[in-house]
Amino acid sequence: MADLDDLELGGDMFAEPEGFLPPPPESHFVTYERDANETPNKITLKLVGKSPLWGHLLWNAGKYTAQYLDKHAERLVTGKKVLELGAAAGLPSLICGVNNALKVLCTDYPDPDLLSHIQYNVDHCEGLDPSKVLVRGFIWGQDETQLCYDELNENQLPEKIEESEKFDLIILSDLVFNHTEHQKLLGNCRAALKRDGVALVVFSPHRPWLLDNDLAFFTECEDFEFKAKKIEMVNWKPMFEEDDETIEIRSRVYCYELIPQW
């Protein structure tokens, strides 16, 4: 048996040899094309290489949301105060920025890599004023006062959110698959949305066998004094080629607006 003095105690004897593990996937770029009459016509997004939060892909729901916001910008976006929850690459927030939103708060889980990629997209988006699109970390279910009063320090925050400081539009794009988070998301929307505001909810059923759980969001919202208005359901090419039996359900993109009833 080797003498204890013969061992190199300064090293990590359990460390993998250099080059044993493959490097993590690198950041990559995707381009979203808007309608031909829109300026800018294309928006390039930098995505994280890999993310357990699914921020490494541009999902169908995100692209649909961008189209919907462009189409309804005058009603929903222009001159409005906007909050996006679970923004990933931030495409809907960028669309709001180029459609002259008064202010956009683009939020996702406070992961530095994820947030830095969103900030990159804001800084490099043509036709957007970066001072009006702010990137912030936010965990669903936490106090939303800091979101409404983003310009104030924590010790300056009021006890109650004034109606004028709330958001005209809250965007939830591809979030309802998080079934355990429904109550938190709805609670944040209830507290931070104006009485005459709109929460835009778009999603695809990524797990077809749990579609009923996804759709439960739109009955749960009644407990928070929202009325769910179904806009439409369309079929797009699904994100992944899997079994043919579920392809129709996985191809769906649902769009709802939540209308305050208080």
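Reader: In the protein, among contacts between residues at least 6 apart in sequence, what percentage join residues at least 24 apart?
Author: The model is a predicted one, and the protein in it has nine helices and nine strands. Contacts between residues at least 6 apart in sequence form the reference set, and the share of them that joins residues at least 24 apart is 67%.

Reader: What percentage of the residues of the protein count as buried?
Author: The protein exposes about 14,300 Å², of which carbon and sulfur atoms supply 50%. Counted by residue, out of 262 in the protein, the buried share is 47%.

Reader: Which residue forms a salt bridge with Glu-257, and in which helix does that residue lie?
Author: The structure holds eleven salt bridges. In one of them, the closest N and O atoms of Glu-257 and Arg-75 are 2.7 Å apart. Glu-257 belongs to strand β9 (residues 252-260), and the pair links distant parts of the chain, 182 residues apart. The partner and its helix are therefore Arg-75 and α2 (residues 73-76).

Reader: Is Glu-257 buried or exposed?
Author: The cut-off for buried is under 20% relative accessible area. Arg-75, at 41% relative accessibility, counts as partly exposed. Glu-257 has a relative accessible area of 2%, so Glu-257 is buried.

Reader: What is the C-alpha to C-alpha distance between Asp-129 and Lys-103?
Author: Asp-129 lies in the loop between α4 (112-123) and β5 (133-137). With a relative accessibility of 34%, Asp-129 counts as partly exposed. Asp-129 and Lys-103 are 26 residues apart in sequence, and their C-alpha to C-alpha distance is 9.8 Å.

Reader: In the salt bridge of Glu-181 with Lys-184, which residue counts as buried?
Author: The closest N and O atoms of Glu-181 and Lys-184 are 3.5 Å apart. Lys-184 has 39% relative accessibility and so counts as partly exposed. At 17% relative accessibility, the residue that counts as buried is Glu-181.

Reader: Which residues are linked with Asp-70 in a network of salt bridges?
Author: Asp-70 is one of the residues of α1 that make the contact with α3. In the network of salt bridges, Asp-70 is linked with Arg-34 and Glu-38.

Reader: Are helices α1 and α3 roughly parallel or roughly antiparallel?
Author: The axes of α1 (residues 60-71) and α3 (residues 91-98) come within 8 Å and cross at roughly 15°. Angles under 35 degrees count as roughly parallel. The crossing of α1 past α3 is right-handed. Given the angle, the relation of α1 to α3 is therefore roughly parallel.

Reader: Which residues of α3 make the contact with α1?
Author: Helix α3 is mostly covered, with eight of its eight residues buried. From α1, the contributors include Gly-62, Lys-63, Thr-65, Ala-66 and Leu-69. From α3, the contact is made by Leu-91, Pro-92, Ile-95 and Cys-96.

Reader: Which residue with positive phi follows α3?
Author: The buried residues of α3 include Gly-97 and Val-98. The phi of the residue that follows α3 is positive, near 65°, and that residue is Asn-100.

Definitions and conventions: Residues numbered from 1 in each chain as written. Predicted model: local features only at pLDDT ≥ 70, side-chain atom pairs only at ≥ 80, totals over all residues. Heavy atoms only, no water. Helix = DSSP H or I, 4+ residues; strand = E, 2+ residues; numbered from the N terminus. Buried < 20%, exposed > 50% of the residue type's maximum accessible area, 1.4 Å probe, protein only. Contact = heavy atoms within 4.5 Å. Areas by Shrake-Rupley, 256 points an atom, 1.4 Å probe, with all protein chains shown as cover. Salt bridge = Lys/Arg side-chain N within 4 Å of Asp/Glu carboxyl O. Axes fitted to C-alpha atoms, helices over the stretch in contact; angles between N-to-C directions. Parallel < 35°, antiparallel > 145°, perpendicular 65-115°, else oblique. Left-handed = near helix turned anticlockwise from the far one by under 90°.
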